[in-house]
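Below is a short briefing on one protein model.

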Amino acid sequence: MYERFAEHIKSNLLLGEGKRILLAVSGGVDSMVMANLFNNQGIDTGIAHCNFQLRGNDSEMDQELVLSEARRLGVKSYTVRFDTTDYARDNKVSVQMAARDLRYDWLESIRQKHSFDLIATAHHLDDSIETLLINLLRGTGIEGLKGIPVKSGNVIRPLLFATREEIEKFASDKKIRFREDHTNRQTKYLRNKIRHEIIPLMKE
C-alpha cells in the first residue's frame with residue numbers, strides 16, 4: 001500500500017516539492033489510513049476534524065480518537081463543532097448536504113489561515129464507483145461518468161487507487177485504530193443502498 005500510495009501521488013502529480021497538506025480526518029478507517037500513509041512518506045501535514053454533533057457520544061469519541069492519533073503521529077490538529085441540524089433547517093437542505101457544505105467551507109478556511117497548499121480527503125475507488133452510479137440514476141452527462149476526480153481545485157484525493165476492502169485489510173495488518181459510523185449501514189440513504197444492495201448484485 002505504501003508503494004502504491006506514493007506511485008499514485010507521483011503519477012497524478014498531486015504534490016509538489018515542499019507542499020503542506022491539510023488532511024480531512026473523520027476517525028473512520030479510510031481517513032485514519034490516509035493519515036498514516038502520509039506520515040510514512042514524511043510529508044508535511046496537518047489533521048482537521050469536523051464534529052457535526054449528529055451522533056451523540058459517538059461524535060465525541062470520534063474526535064477524541066482523531067486528536068489522539070494526531071498526537072501519536074506528531075501532527076498539528078484542528079477541530080470544529082457544527083450545529084449541523086440547525087444549519088440544515090435554516091438553509092432548507094438535507095443534513096448530509098449541510099455537513100458537506102460546512103466541512104468544505106471550514107477546511108478551506110483552515111487551509112488559508114494556516115498556509116496549507118492543499119486539502120486531502122480519503123475518498124477511495126468504491127466511493128468513485130458509487131458516485132458514478134448515483135450520477136447515472138439522476139441522469140448525468142459525460143462529466144458524471146468520470147466518478148470522483150483525483151483533484152479539483154485545492155482538494156486532492158490520494159486514495160482513489162484503493163478499494164474499501166484493501167484499505168480495511170491494510171488497517172488490520174498495521175493495527176491502525178479507527179471508528180465505525182453505524183449510519184454507514186443504514187440503507188435509507190441512496191449511497192448506502194447502492195453500496196450494500198446494488199453493487200453486491202452487480203458483482204454477483
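Helices (H or I, at least four residues) and strands (E, at least two) are DSSP runs, numbered from the N terminus. The model is predicted: local features need pLDDT of at least 70, side-chain atom pairs count only at pLDDT 80 or more, and totals for chains, interfaces and linings use all residues. Residues are numbered from 1 along each chain as its sequence is written, and side-chain values use heavy atoms, with hydrogens and water left out.

**Sheet**

- Six strands form an open sheet in the order β3-β2-β1-β4-β6-β5, and the pairing is mixed; two strands pair if DSSP finds at least two bridges between them.
- At the edges are β3 (76–81) and β5 (151–152), each of which pairs on one side only.
- Strands of a sheet pair through backbone hydrogen bonds, in either the parallel or the antiparallel sense.
- β1 and β2 are parallel partners over 4 bridges, with Ile21 opposite Thr45 in β2.
- β4 (residues 118–120) and β6 (residues 155–156) are also parallel, over 2 bridges, and here Ala120 stands opposite Ile156 in β6.
- Helix α2 (residues 29–41) lies across β1 (21–24), β2 (45–51) and β4, at about 155° to β1.
- For that helix, contact means heavy atoms within 4.5 Å; axes are lines fitted to C-alpha atoms, for helices over the stretch in contact, and angles run from 0 to 180 degrees between N-to-C directions.

**Burial of β2**

- Buried means under 20% relative accessible area, exposed means over 50%, and partly exposed lies in between (1.4 Å probe, protein chains only).
- β2 is largely enclosed by the rest of the structure, because 7 of its 7 residues are buried.
- In a regular strand the side chains alternate between the two faces of the sheet.
- Both faces of β2 are covered: one side carries Thr45, Ile47, His49 and Asn51, the other Gly46, Ala48 and Cys50, and all are buried.

**Nonpolar surface patch**

- Leu137, Leu190, Ile198 and Met202 make a nonpolar surface patch of about 370 Å².
- Patches are made of residues with over 30% relative accessible area and no salt bridge; like charges are joined within 9 Å, and nonpolar side chains (Val, Leu, Ile, Met, Phe, Trp, Tyr) within 5 Å.
- Accessible areas come from the Shrake-Rupley method with a 1.4 Å probe, and for residues only the protein chains shown count as cover.
- Helix α8 (residues 190–203) gives the largest share of the patch, 3 residues.
- Leu137 belongs to helix α6 (residues 125–138) and counts as exposed, at 57% relative accessibility.

**Salt bridges**

- The whole structure holds 15 salt bridges, each defined as a side-chain nitrogen of Lys or Arg within 4 Å of a carboxyl oxygen of Asp or Glu.
- Arg81 and Glu60 form one of them, with their closest N and O atoms 2.8 Å apart.
- Arg81 is in strand β3 and Glu60 in helix α3 (residues 57–73), so this pair ties together parts that are 21 residues apart in sequence.
- Both partners count as partly exposed: Arg81 at 45% relative accessibility and Glu60 at 29%.
- Arg72 and Glu69 also meet in a salt bridge, at 2.9 Å from N to O; they are 3 residues apart in helix α3 and therefore separated by about one helical turn.
- In that pair, Arg72 is exposed at 54% relative accessibility, whereas Glu69 is buried at 3%.
- Asp173 forms a salt bridge with Lys169, the closest N and O atoms being 2.8 Å apart.
- About one helical turn separates Asp173 from Lys169, because they are 4 residues apart in helix α7 (residues 164–174).
- Asp173 is partly exposed, with a relative accessible area of 46%, and Lys169 is exposed at 52% relative accessibility.
- A network of salt bridges links Arg55, Asp58, Asp62 and Arg179.

**Positive phi angles**

- Leu13 is not a glycine, yet its phi is positive, at about 55°.
- Leu13 sits in the loop between α1 (2–11) and β1 and is exposed, with a relative accessible area of 68%.
- Gln53, a residue other than glycine, likewise has a positive phi, near 55°.
- Gln53 is placed in the loop between β2 and α3 and counts as partly exposed, at 38% relative accessibility.
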